[in-house]
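Have the structure open while you read.

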Amino acid sequence: IGDSADFDEEVKSICPFCGVGCQISLKVKDGKVKYVDGINGPANEGRLCVKGRFGFDYIHHDHRLTKPLIRRDDAPAKGLNVDPGNWSEFFREATWDEALDVAAKGLRDIGGRGVAGFGSAKCTNEEAYLFQKLIRQGFGHNNVDHCTRLCHASSVAALMENVGSGAVTATFNEIENADVAIVIGANPVENHPVAATFFKQFTKRGGKLIVMDPRGVGLRRFASHMLQFRPGTDVSMLNAIMHVIVEEKLYDEQYIAAYTENWEAEKAHLADFTPEKMAAVCGIEAEVLRDVARTFAGAKAAMIFWGMGVSQHIHGTDNARCLISLALMTGQVGRPGSGLHPLRGQNNVQGASDAGLVPMFLPDYQSVMDDGVRRAFTEVWGSEDFSAQKGLTVTEIMDAVHEGSIKGIYVLGENPAMSDPDVEHARDALAKLEHLVVQDIFITETANYADVILPASAFAEKSGTVTNTNRQVQMGRRAVAPPGEAREDWWIEVELAKRLGLGWSYESPAEVFAEMKLNMRSLNNITWERLERENAVTYPSLSETDPGQAIVFADGFPRPDGRARFTPASIIAPDDVPDADFPMILTTGRQLEHWHTGSMTRRSTVLDGLEPEANCSLHPSTLRKLGVAPGGHVRLTTKRGSIEIMAREDRAVSPDMVFLPFAYVEAAANILTNPAVDPYGKIPEFKFSAVKVEAAVVV
Ligand code: SF4
């Protein structure tokens, strides 16, 4: 793609894919992005992975929405597949005025708690802020959420509970100051590839990398210890490691006394979790568990990184509680080379959560139940008070549609018809809605159900800030114009809000950012002008010249008495355990070349060229038993549904497991997944379903 010497202009922006937040330079010619280079951002230091470097030409794809669309009166039933290149049987073109009027009227007519909103971690901080404000101010309640609910909500719940803050305590780059690091339930080589390069370098200079995952993920080749534990047994394994630290008195007594609470309860709770007993549960030998405990506790500086293998369980919050306890008991928070770091998924899932795009918190994780907090916001907004009740989460909203209490949804940049667990349940809910407004850049699977589609902008077509996994607020810049009549998302939100009677008059994202700062202390000392100049500032920033604090909580925590808390965790079995009918374990995730529901990367020439076909991975012995050759097809069936898909041979997957990427609409992984959720983070158990695997005959 592109000729590296042939461009008219270069524009600095941020990669739109993962939470690493690599800074990029977009090379533009004749109004089109021709190619992309990595530049020297704080997270990437010039590096890019294949998605950042080659995953951009979807922005000029023929399928881009260029005009507002309204469902035709004589359209076939909602939910039928709309050809994104030929939609005229289903929709008619409309002017912006007409489409916005119809969109707003439908939502207004339903009104109040009958309306919910799904925002997006793909949009900017300003757009996320406006979205939650529109639902809260416009409909008086908190039924607004986004894909953090499917990603790290349980990690955030555990961090808020025990550390007092939902963000990382140290940037991933701090690994260069560590001598030991744990990476658990994460596959950075595929999902956070540039972060993975720093992890590999850490091992090259002698750092000990402890990798824990039911799959033999790519980092195992660099690991001092690879613990391929049984899926869903994280708590037993982590408690056994902590048991050894207690038993052998390897904990940091001074740190515990100065900065924590509830230690005695944690210590007592761990007494039963001997490595010998837990080895039978998690499948890791007792001596290995002891060695890992000694290695971690013996480190001068150690970090813990985790991904969705930890969070996407009905016990995801408990998993994260264990990791927090492990860091606290060894005093591995708040110093160079130490810390807790949930590797955030989407490029702006941290920022969207910070901006209040969640049903229980206003911006900066301020509780909606706090009267003073709501007053502070409504004063700035010049509006009436709204509900003090926590709103519904992504999956609860779909249940509420089935129950009949939610009748209208405004979806900005999310694709629940692909991303929700037990997706047929979500699709049935979307089909039941009286009014669905979808704002996106393509006709997504969710837009198949839309009454109105509002054509939005891709990342290279708008300016705004995004916040990466490192708490780095970074400036994205408009490099090219949106196609046809497509508009920037913030503009669409403002126009819709005007028609809902909210009296908004923002004229730029900078104006929105200035309003956000009024009630977000995390943005102190960070201004739009500063970001224009410096491209990135880490929060918290202590002065107008401070680039921001890479490490936080050196002197206590934002909790009562400044103390972090130990919250003991017990073993809870996965919800959908294998039996005679469904004897294997299904786990879902991403693969390097594709992003989430595939709407962008499957329209990127290079990425789709590399991975053009839906696939799953099985151990060679499993394939042999099934009589299926690598590249042949299998049928996967769970209690929710069935798909047929090409099978790859992969020794990294244990013989009783199947790994299934979720980017492929033609074999949608979420037809199979279990909607049971973690009680605290309300995150579904995407990482564990009982499944039957059979040979399939493809005709
Ligand atoms: Fe983009 Fe993430 Fe790859 Fe960086 S590591 S280029 S942010 S996808």
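## Second largest cavity

By class, 11 nonpolar, 13 polar and five charged residues make up the lining of the second largest cavity. Here Ala, Val, Leu, Ile, Met, Phe, Trp, Tyr, Cys and Pro count as nonpolar, Asp, Glu, Lys and Arg as charged, and the others, Gly among them, as polar. This is a predicted model, where local features need pLDDT of at least 70 and side-chain atom pairs pLDDT 80 or more, while totals for chains, interfaces and linings use all residues. Residues are numbered from 1 along each chain as its sequence is written, and side-chain values use heavy atoms, with hydrogens and water left out.

The volume is about 370 Å³ (the space filled by probe spheres set on grid points joined across faces, edges and corners). Of its 29 lining residues, Gly-185, Met-308, Gly-309, Thr-588 and Lys-687 are the closest to the centre. A cavity is a set of points on a 1 Å grid over the protein atoms alone where a 1.4 Å probe fits but cannot get out, and lining residues have an atom within 4 Å of a point.

Helix 5 (188–191), helix 12 (308–311), strand 23 (584–589) and strand 27 (657–661) each give two or more residues to this lining; strand 23 has the largest share, three residues. Helices (H or I, at least four residues) and strands (E, at least two) are DSSP runs, numbered from the N terminus.

## Largest cavity

The whole structure has six cavities of 30 Å³ or more, and the largest holds about 600 Å³ of space. Its lining has 36 residues, with Lys-122, Gln-346, Gly-413, Trp-595 and His-596 the closest to its centre.

That lining splits into 17 nonpolar, 14 polar and five charged residues. Helix 17 (416–419) and strand 17 (435–440) supply at least two residues each.

Technical notes:
On a 1 Å grid over the protein atoms alone, a cavity is a set of points where a 1.4 Å probe fits but cannot get out, and a pocket is an open set with protein on both sides within 12 Å along at least five of seven lines; lining residues have an atom within 4 Å of a point.
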